Amino acid sequence: MRKAWRVADVRAAEDALMAHLPEGTLMQRAAAGLARRCALILRNVYGAHVTLLVGAGNNGGDALYAGAILANRGAAVTAILLDPARVHEAGLKALKDSGGRTAEQPPRTVDLIIDGIVGIGAKGGLRSGAAAALHKAQGRRGRHGQRPTIVAVDVPSGVDVDTGDVPGKAVQADVTVTFGCLKPAHVVGPAAPLAGEVELVDIGLRPWLMADPAILVPDRKDIVNALPKHRPTDEKYTRGVVGIATGSKTYPGAAILSTWGALAGPTGMVRYAGGARQYVVQAHPSVVATDRITEAGRVQAWVVGSGLGTDEAAATAVRTVLASSLPVVLDADALNLLVDGTMADLMRGRSAPLVLTPHDREFARLAGEEPGPDRVAAAQRLAAHTNAVVLLKGDRTIVATPSGQAYANPTGSAALATGGTGDVLAGLLGSLLAGGLRPEVAAVTAAYLHGLAGREAARQGPVSASDVAAALRPVVNDLRPGDQENVVTPK
Ligand SMILES: NC(=O)C1=CN([C@@H]2O[C@H](COP(=O)(O)OP(=O)(O)OC[C@H]3O[C@@H](n4cnc5c(N)ncnc54)[C@H](O)[C@@H]3O)[C@@H](O)[C@H]2O)[C@@H](O)CC1
Ligand SMILES: [K+]
């Protein structure tokens, strides 16, 4: 897992580390890493045109020192000082000593913009002077007529570093070079896509980060490790059976999509219980279907949700699974049935895992408040209140546990913002729960795989939920270690 820390924890670690180092060492390390990445982007540093947007703090200092390094290698470096009276003096001197200059306006040619406007000291969106300078620099062209590449120092300026919120104007970076550790804005909220590609430069901070990380971000290896392995002795029941109670005669599509999602997961068998049984069996002949949950036979986890409606039968379905001692996923309509609070005791009294998968509107109905600018904190509050793992859908889906652990999914895709993809996710999640994964691991794994499937489906053009469901199985298979040949020819 990658880890992101909040600003106060980063500052505490920096203070502790700096006490052991000569003054300025950390900034030199940061600037060296920043300049190295800029040089890689420019390829030919000699003769390149670099514009620095320099704010009042140390973020501007990083930019000035990196500018000095690039100027020493023959780049034409121009610094636009947004608050000249408070500029990092030593950084400015270093830039000038290396042949860089300051100017009021960006020069005609700009290959690279280094955004040193503001870093972890940010408050609010970009101020007007900074926004105007950025706009002008962005409007310039590079040596070869190309648009300038934008490299953000530490974070794209204008974002809220601790929450990933974007309260006003902000920089859209191509690359963000950050120092010491990731921060929440790199991985959650609307800020995360503004960071572009994030490079983490080691400045020796990690051993000094004493606090727990605010957010964990899974990578491919974590997902490979989480997925249950096939064993030669497996048969369908040992791999787990997932029960799906979604859809209805009126909304059979939801049932087809969620069973499709479940079929891509690790379980050996998928059972369906509900009004859309005929449609489900037609679409997926391997699914064993009944009309009611109580007739479905044994399963190791239930998914109840989308397309179910909110009538008495639907409420009974939710009550039945909540009263069981099995892991449960509640999605869509099932979440709306929780709103009146009549199932609160059932929910809070459970000892078996419960996962809720709201999008923003469902979240607002359930929690009584919008997720707001701090989506991680909002998901954590709902998780604690409901004693459930909460998967809050979004471009960077968040998974929060009742104990306060938070994860951000890195594989988000705009392709998933289309009707029915949530049904596919819920089905897959149920299969992972039935396969024995802990609820937060199942939620994180499902979001990750679902995101990859969305990206895969988008390669072919506009995406429907069926495309995502169809892409899911190959994506899952690609990450699961397959059956190995046991007779190997010696080379
Ligand atoms: N503390 C350290 O040891 C290190 C810090 N480093 C750099 O220092 C940065 C933090 O420096 P500072 O604490 O000086 O803070 P910043 O440089 O992030 O911000 C300082 C100033 O920016 C202005 N500002 C705040 N919000 C703004 C907005 N929305 N628009 C425009 N201007 C705004 C304010 O006047 C504030 O005083 C890090 O992000 C990183 O880039 C690195 O050099 C690594 C070492
Ligand atoms: K910045």
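Predicted model: local features only at pLDDT ≥ 70, side-chain atom pairs only at ≥ 80, totals over all residues.
Residues count from 1 along each chain as its sequence is written, and local features need pLDDT of at least 70.

**Exercise 1.** Work out which residues the UniProt annotation "binding site" covers, and whether Gly422 is buried or exposed.

*Solution.* 
Step 1: The unreviewed UniProt entry lists Lys393, Gly394, Asp395, Arg396, Thr397 and Gly422; such annotations may be inferred rather than shown by experiment.
Step 2: These residues span 30 residues in sequence, yet no two of their C-alpha atoms are more than 14.1 Å apart, so they gather at one spot.
Step 3: Gly422 has 26 C-beta neighbours inside 10 Å, so it counts as buried (20 or more other C-beta atoms within 10 Å of its own, with C-beta atoms placed from the backbone).
Step 4: Beyond four places in sequence, the contacts of Gly422 include Asp331, His359 and Lys393 (contact: C-beta atoms, placed from the backbone, within 7 Å).

**Exercise 2.** Find how the axes of H16 and helix H18 are arranged.

*Solution.* 
Step 1: The two axes, lines fitted to C-alpha atoms over the stretch in contact, come within 8 Å and cross at roughly 30°; angles run from 0 to 180 degrees between N-to-C directions.
Step 2: That makes H16 roughly parallel to H18 (angles under 35 degrees).
Step 3: Now pick out who meets whom: Thr421, Asp423, Val424 and Leu428 in H16 meet Ala465, Val468, Ala469 and Leu472 in H18.

Notes:
Chains lettered and ligands numbered in written order. Buried ≥ 20, exposed ≤ 12 C-beta atoms within 10 Å, placed from the backbone. Contact = placed C-beta atoms within 7 Å. Helix = DSSP H or I, 4+ residues; strand = E, 2+ residues; numbered from the N terminus. Parallel < 35°, antiparallel > 145°, perpendicular 65-115°, else oblique.
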